[in-house]
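Good morning. I have one chain to go through today, and I will start with the overall fold before turning to single residues.

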Amino acid sequence: MIALVRYMSTALLLSQRYLAPLLLFLGLVAVLTSSDTGPLTATYASVAGGMLPCSAWLTMALIGLEDQPHRSIVIVSTGSHLRVLLATVGTTAVWCLLLTAAGLVLPLMFGTHTPGLADLALGTEAQLTSAFTGMAIGLVSSRLVFRRQGYALVLALVLLLAVLLGKGVSPVNIMLTHLQNASSSADALVPTSALLAVAAGFLAVGAAVAQAITRRNA
């Protein structure tokens with residue numbers, strides 16, 4: 001599995017398809033947190049909101065690297081559709097962790113803050129909640145599910161807007177609303193942890209849907 005994740009990461013690096021979601025994330029963080037002096041709960045909520053579309057885009061870009069014949073070769077080499085899918089999820093998660101690290105540090109450079117451990121833990125939880133949700137959207141909107149990428153793009157945009165703006169529809173919306181009104185990072189840690197677990201469930205469902213459709217089309 002580790003070798004497969006390394007292979008996919010290398011392929012993504014060489015393709016340079018990571019650049020667009022990476023630059024989008026860095027740009028959003030810079031715009032949303034520049035000269036910020038407010039509480040870090042709201043700051044990291046903004047960063048988490050930027051993570052959502054970038055994680056979905058990164059997932060779709062990684063899955064779209066290979067055409068069907070090439071992907072079939074990888075599946076035959078590894079011996080399992082599921083193993084390739086799990087490696088795809090793992091590779092995207094690694095890249096999202098790198099973005100999360102940037103999302104923790106950059107607001108401290110762009111704004112004026114004195115972070116504590118609770119702030120950093122909350123920022124990590126918030127970004128991973130958005131990342132897992134975005135990855136789930138990326139999976140169900142990817143080439144594994146849709147042959148026509150125009151349909152996939154429309155679905156991805158609809159789902160992103162729904163989970164971001166739909167009141168109480170997703171863990172991301174609930175989390176962002178809660179963080180904007182939270183009095184301190186320590187008070188928000190437990191509720192955000194619960195929402196992170198829900199987002200992980202969303203990711204598991206998205207992976208199951210992609211796997212079921214991939215096996216049916218095989």
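What follows is a short walk through a predicted model, from the whole chain down to a few local sites.

First, the fold. The secondary structure amounts to 9 helices and 0 strands. Read from the N terminus, then, the order of elements is α-α-α-α-α-α-α-α-α. The chain is as compact as a globular protein of its length, because its radius of gyration is 17 Å and the globule rule gives 17 Å for 218 residues. As for dimensions, the C-alpha trace extends over about 50 × 35 × 30 Å along its principal axes.

Next, burial and surface. Of the 218 residues, 47% are buried. The chain has an accessible surface of about 10200 Å², and carbon and sulfur atoms account for 70% of that. On contacts, take the pairs of residues at least 6 apart in sequence: 80% of those contacts join residues at least 24 apart.

Which elements do the buried residues of α8 pack against? They pack against α3, α6, α7 and α9. Helix α8 covers residues 171-181, and its buried residues are P171, V172, N173, M175, L176 and L179. For orientation on the slide, α6 is 117-140, α7 is 149-165 and α9 is 185-217.

Helix α3, one of those partners, spans residues 40-63 and contains T43. Is T43 buried or exposed? It counts as buried, because its relative accessibility is 3%, and the cut-off for buried is under 20%. A polar atom of the T43 side chain sits 3.2 Å from the backbone oxygen of P39. Leaving aside residues up to four places away in sequence, T43 is in contact with T33, D36, G38, P107 and H113.

What does the side chain of S141 reach? It reaches the backbone oxygen of I137, at 2.9 Å. With residues up to four places away again set aside, S141 touches M60, F146, A152, L155, A156 and L159.

Together with L82 and L86, M1 makes a nonpolar surface patch of about 250 Å².

A3 belongs to helix α1. It counts as exposed, because its relative accessibility is 56%. A3 and A87 are 84 residues apart along the chain, and their C-alpha atoms are separated by 9.2 Å.

One backbone detail remains. Most residues other than glycine have a negative phi. Q16 is not a glycine, yet it has a positive phi of about 65°. Where is Q16? It is in the loop between α1 and α2, the latter being 19-33.

Technical notes:
Residues numbered from 1 in each chain as written. Heavy atoms only, no water. Patch = residues over 30% accessible without salt bridge, like charges linked within 9 Å, V, L, I, M, F, W, Y side chains within 5 Å. Areas by Shrake-Rupley, 256 points an atom, 1.4 Å probe, with all protein chains shown as cover. Salt bridge = Lys/Arg side-chain N within 4 Å of Asp/Glu carboxyl O. Helix = DSSP H or I, 4+ residues; strand = E, 2+ residues; numbered from the N terminus. Buried < 20%, exposed > 50% of the residue type's maximum accessible area, 1.4 Å probe, protein only. Polar contact = N/O pair within 3.5 Å; in protein donor to acceptor, adjacent residues only side chain to side chain. Contact = heavy atoms within 4.5 Å. Rg over C-alpha atoms; globule rule 2.2 N^0.38 Å.
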